[in-house]
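Work through these exercises with the sequence and the model side by side. Try each task before you read its solution.

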2 protein chains.
Amino acid sequence: MPALDVQIDKVFHALGDPTRRAIVERVSHGPISVSKLVEPLGISLAAVVQHLQILEDSGLVNSQKVGRVRTCQIELRGFSLAEKWIGERRSMWERRLDKLGDLLAEEDDE
Amino acid sequence: MPALDVQIDKVFHALGDPTRRAIVERVSHGPISVSKLVEPLGISLAAVVQHLQILEDSGLVNSQKVGRVRTCQIELRGFSLAEKWIGERRSMWERRLDKLGDLLAEEDDE
């Protein structure tokens with residue numbers, strides 16, 4: 001699989017999990033420490049760290065450790081990849097529908 | 001989980017698989033019969049049908065059977081859902097960055 005495809009795989013896989021989407025949701029409101037992320041999720045710190053690893057690997061979130069506090073924020077790279085992939089498929093389909101419409105209009109004219 | 005969230009779950013899960021993305025890719029070029037879809041994928045008809053079921057459940061593809069031929073085409077509902085979800089998170093984050101920029105500019109003015 002080409003590198004880009006591997007990356008898109010990771011992005012969609014990461015977003016396919018409700019807990020990871022809840023993390024993205026929370027992080028999109030602004031930078032937040034890992035410990036503050038954990039509480040409302042009702043799962044263990046270890047589980048959150050695992051989800052964060054998957055989100056970081058797919059370019060949806062990044063984190064920085066300052067002293068003993070690790071802070072997470074949104075990373076736009078993964079979002080752009082997903083938007084690009086979806087948008088390309090959608091516009092290919094819409095062009096196809098337009099062409100079909102043109103063909104039907106031509107037939108009407110004849 | 002609310003119904004909308006279940007649906008988004010399905011869309012991202014469906015797109016997280018390279019074979020299913022290859023099917024979406026092919027179908028986005030125009031309607032195609034299931035038998036024509038199978039050949040280039042190099043997997044069994046049964047496997048393709050299973051993938052199609054997942055794509056139909058998530059609103060990314062739909063199919064119609066006329067006589068003995070089942071034809072697949074793109075369904076935009078799933079694409080719109082995914083675009084909406086991604087776009088909302090991204091714009092929330094961008095608004096947050098803008099606000100931060102404004103705050104910094106105000107501090108510079110003082």
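**Exercise 1: The sheet of chain B**

B:I32 has B:C72 as its bridge partner in β3(B). This is a predicted model: local features need pLDDT of at least 70, side-chain atom pairs count only at pLDDT 80 or more, and totals for chains, interfaces and linings use all residues. Residues are numbered from 1 along each chain as its sequence is written, chains are lettered from A and ligands numbered from 1 in the order in which they are written, and side-chain values use heavy atoms, with hydrogens and water left out.

Task: work out the strand order of the sheet in chain B.

Solution. 
- Step 1. Strands (E, at least two residues) and helices (H or I, at least four) are DSSP runs, numbered from the N terminus. Two strands pair if DSSP finds at least two bridges between them.
- Step 2. Take β1(B) and β3(B). They run antiparallel and are joined by 2 bridges.
- Step 3. Take β2 (residues 61-66) and β3 (residues 69-74) of chain B. They pair in the antiparallel sense over 6 bridges. B:Q64 has B:T71 as its bridge partner in β3(B), and B:K65 has B:R70.
- Step 4. The 3 strands form an open antiparallel sheet, β1-β3-β2. β1 and β2 of chain B are the edge strands, and each pairs on one side only.
- Step 5. Look at the turn. β2(B) and β3(B) form a hairpin with 2 residues between them. B:G67 in this turn has a positive phi of about 65 degrees.

**Exercise 2: One serine in a strand**

Task: is B:S33 buried or exposed?

Solution. 
- Step 1. Locate the residue. B:S33 is in strand β1 (residues 32-33) of chain B.
- Step 2. Apply the cut-offs. Buried means under 20% relative accessible area, exposed over 50%, and partly exposed in between (1.4 Å probe, protein chains only). B:S33 has 13% relative accessibility, so it counts as buried.
- Step 3. List the contacts (heavy atoms within 4.5 Å). Leaving aside neighbours within four places in sequence, B:S33 touches B:V69, B:R70 and B:T71.

**Exercise 3: Helix and sheet in chain A**

Task: which strands stand at the edges of the sheet in chain A?

Solution. 
- Step 1. Read the order. In chain A, 3 strands form an open antiparallel sheet, β1-β3-β2.
- Step 2. Find the edges. β1 (32-33) and β2 (61-66) of chain A each have a single partner strand, so one side of each is left without a neighbour in the sheet.

**Exercise 4: Two packed helices**

Task: how do α2 (residues 18-27) and α4 of chain A pack?

Solution. 
- Step 1. Know the method. Axes are lines fitted to C-alpha atoms, for helices over the stretch in contact, and angles run from 0 to 180 degrees between N-to-C directions.
- Step 2. Read the geometry. The angle between α2(A) and α4(A) is about 75 degrees, and their axes are 10 Å apart. That makes α2(A) roughly perpendicular to α4(A). (Under 35 degrees counts as roughly parallel, over 145 as roughly antiparallel, 65 to 115 as roughly perpendicular and the rest as oblique.)
- Step 3. Name the residues. A:T19, A:R20, A:I23 and A:V24 of α2(A) meet A:V48, A:H51, A:L52, A:I54 and A:L55 of α4(A).

**Exercise 5: A serine in a loop**

Task: where does A:S58 lie, and what is A:S58 in contact with?

Solution. 
- Step 1. A:S58 is in the loop between α4 and β2 of chain A.
- Step 2. Check burial. A:S58 has a relative accessible area of 1% and is buried.
- Step 3. List the contacts. Beyond neighbours within four places in sequence, A:S58 touches A:Q7, A:K10, A:V11, A:A14 and A:G78.
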